[in-house]
Every structure is written in C-alpha cells, then in structure tokens.
Amino acid sequence: MKKNKTAELFLVLLVLIVMSAGILILQNGMEKLQNVKQQSVYVPETRDLYNNYGLKNDQSLSKTKILETQDQVIYTDRIFNINQISEDHISYAADIMKALQKKSGKDTYIMPIPERAVFESGYENEKEKYSDFTEKLEASFSEPSVVLNPLSELEKHQYEYIYFRTRNSWTMRGAFYGTQVILEELGYDKENLDAYREYVFGTFDGNLLLEALEKYTTDEIKKDIENMEQEPFYIYINGSNPNCEELTFENKEGQLQTLKRQMIQFNSSGSRAVIGSDYAHSIVEGRGKGQRKGNLLLIADTRGKMMISYLSEIFEKVYVSNIYEDTDLIQNLDEVLEKYNIEYVIWAQDVAETGNKSYMKALNPLLMEGGVSDVGTDP
C-alpha cells in the first residue's frame, strides 16, 4: 500500500515538473517571439526618410522637364527661377547701403543671397550673373568687404539639401553655410552644424509650386505639378538656445501688437516656422557665445531670416527687421541702435530683390524725404 502511494506521489511530482518545464519553455518562446516582432518593426525618424535632394527612397533629381519659360524652369520634382538678376538694381542698392552706413555709423554689410539656379546643370550662366552682380556691387564701395558673397561656401555643400525644390529660398541648412561667411567676416569662430539638433515636423508645398498651379491650367501640366512630391522642412536649433522672441506685427485692427513666443515654431513648416511671415520686427533672445558686448541688427527678407537660429547663438540679442514690412525702421533706427546695443548691421536679401524698390519697404526711406516710401512691397 505504501509502495502504491509512493508511486502515485512520484508520478504527480513528475507531472508537475514536466508542466513547469513546459510553461518555462512556452514563456521563453513567447518572449523571443515578441523580441523578433519588436526588432522587425523599425519606424525611422521623419528626418531619415529624405536624402540630400529632399526626396524619399534615394531618388535622384529628375531629368524630365515639364516646362521652361523665359523666367522659370519646371521639372517633375522641382521648380526654380531664371533670368531674375538685374544689374539695373545695383546703383540703388549701393546708394541705400551707403546711406545705411552713414546713418547707423556701425559696421554695415550686405549679403545678396543666390537662388537655386546657380547650382542647376545647364544653367551655369545664372552663376555668372550672380558673380557679376556682386562684383559690380563691390566696385561701388571703397571697402569691398562690405559685400558678403556666400556662393563659394555654398558650392562646397551643393550636394546637400541647401535649397528647397519648390520654394524660392535656401533651406535652414543652406542658411547655416551663409551664416559662416558672416561669422568669418566679423571675426567669430565658425559654428559646427553637428552641435545643432535636427528636426523634421512636416512637409509642405513651396510658393513656386502653389503659384504654378494657379498659373498653368493645362490639364497635363497641372497634373504633373500636382504630383510633385512635397518636401520636408528641416529645423536646426541648439538645445541650449533660448528659442524666444518678441514679435511685433500688425493685427487685424491695423494696430501694432507685440507677442512674446518661440522663435522657431515647431508646428509650422516653410519660412513661417522661423520668426513668422507677416511681421514688422522681432527681438530674438540669444546665447551670446561670441562674448562681445555688441549685438546685431539683421535687415532681412524671408531667406535672410533663416539664419537667425545660428546668429542667435553668437549674440545676446538679434534685432530682426522685416525688409518687406518694417516701415518704421529708419525713423526709429537711432533708438534701436542704442537700446539694443547694436554693433553690426547686416542686410541679407535674395539677389533678385536686392536693389529693387518694390521689395525694400524698410530701407527705401533712407533715400526719401519725409521718410516713408509708398512703393509696393508684395514679396
């Protein structure tokens, strides 16, 4: 009897051991299966989806041209302007620059920003036109160094995503290389782009694409333009940057209003993400890494303001004046220079608009009696 009970107990114990082992094996197998599932599902960062052309899936720039006119070229993946630079604007740009130097009494510089066409194969004459413009502008001054030319610096990085495909502007990456030219001229150490955080929070259709959709109504052309891939907006900002500004703009009632907010808007894309679009001026808080007492006045269009993330690293404050809208800049210039301890003045604008009165509302008063220009300024 005792032998039977002992045998039964042994059998029960053996069954329990086998069941426990089975459960352990099953659990181990499930864990391995879960790990395999987790490892097999890789969700890349948005910024890793795009290559140096702002295109997905390792695409190269298209060689298929949809349309070419006297002033614009449209491929299946990009749009850029041509024949926009006019030497007729050089004289006015030089006169404005001299007046700005005299009125401010500060170290003053001008940067005509090149357009995408200078790096497009088959349009090498655009680079020649840009170089001719800057050289003749330099010849207008006794000190040629007042003209800052970013072309050679951009050429070193022309196979990076430095220009938008559908917007008439350099990217924040392109603006970084433009900033290096400024820092070198002012005697500051160059910045390292690797020190900046890189974000992509969305894609967008640029102004050139949207304008083309309205302009070209032929079904086939319009369809090709509509099928053009959206492009990413890369944001670069140092993690220690205050990312803070006091933005002054005209509200719906036509009154100037000041708003304290983030300099980089992470919920926007395109140039609206940097400072904003419809504004008069912005006072940007900086880090002051340059360790000098003086600050910077940046008179800029939508391309020039793209440098603010980097310039705000060097200066404690950067006063950014919207060249399209800031009609009070010149009459308030003495106050701005003193209040914000301005040491340098930089005028940065698309080369095709530099010296064109229609795009210089903030600076036109320098050459007009009474101060305010009545020239139209729609960019």
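Modeller: The discussion below takes the terms one by one. The model is predicted, so local features need pLDDT of at least 70 and side-chain atom pairs count only at pLDDT 80 or more, while totals for chains, interfaces and linings use all residues. Residues are numbered from 1 along each chain as its sequence is written, and side-chain values use heavy atoms, with hydrogens and water left out.

Colleague: Why is Met111 called buried?

Modeller: Buried means under 20% relative accessible area, exposed over 50%, and partly exposed in between, with a 1.4 Å probe and protein chains only. Met111 has 0% relative accessibility and therefore counts as buried. The residue lies in strand 4; helices (H or I, at least four residues) and strands (E, at least two) are DSSP runs, numbered from the N terminus.

Colleague: Which residues is Met111 in contact with, leaving aside its neighbours within four places in sequence?

Modeller: Contact means heavy atoms within 4.5 Å. Among the residues that Met111 contacts are Leu148, Trp170, Ile182, Met307 and Trp347. Asp350 is 239 residues from Met111 in sequence, and the two C-alpha atoms are 8.4 Å apart in space.

Colleague: What makes Asn149 partly exposed?

Modeller: Its relative accessible area is 26%, so Asn149 is classed as partly exposed. Asn149 is found in the loop between helix 3 and helix 4 (151-155). Beyond its neighbours within four places in sequence, Asn149 is in contact with Tyr130, Thr134 and Val181.

Colleague: How do you know that Glu120 is buried?

Modeller: The relative accessibility of Glu120 is 6%, and Glu120 therefore counts as buried. Glu120 sits in the loop between strand 4 (107-113) and helix 3 (124-138). Not counting residues up to four places away in sequence, Glu120 touches Arg78 and Phe80.

Colleague: Why are Asn57 and Asp58 called exposed?

Modeller: Asn57 has 69% relative accessibility and so counts as exposed; Asp58, with a relative accessible area of 70%, is exposed as well. Asn57 is in the loop between helix 1 (2-40) and strand 1 (65-68), and Asp58 is also placed in the loop between helix 1 and strand 1. Phi is positive at Asn57, near 60°, and at Asp58, near 55°.

Colleague: What makes helix 2 and helix 3 oblique to each other?

Modeller: Axes are lines fitted to C-alpha atoms, for helices over the stretch in contact, and angles run from 0 to 180 degrees between N-to-C directions. Angles under 35 degrees count as roughly parallel, over 145 as roughly antiparallel, 65 to 115 as roughly perpendicular and the rest as oblique. The axes of helix 2 (residues 90-104) and helix 3 come within 10 Å and cross at roughly 45°. The two helices are therefore oblique to each other.

Colleague: Which residues meet where helix 2 and helix 3 are in contact?

Modeller: Ile90, Ala93 and Ala94 of helix 2 meet Phe133, Lys136 and Leu137 of helix 3.

Colleague: How do you know that the buried residues of helix 6 are on the same side?

Modeller: In helix 6 (residues 207-215), the buried residues are Leu208, Leu209, Ala212 and Leu213. They cover an arc of only 135° around the axis, which means that they lie on the same side of helix 6; the arc is that of the directions from the helix axis to the C-beta atoms. The face turned away from the buried side of helix 6 carries the exposed residues Glu214 and Lys215. The cover over the buried residues of helix 6 includes strand 2 (72-75), strand 3 (79-81) and helix 7 (219-226).
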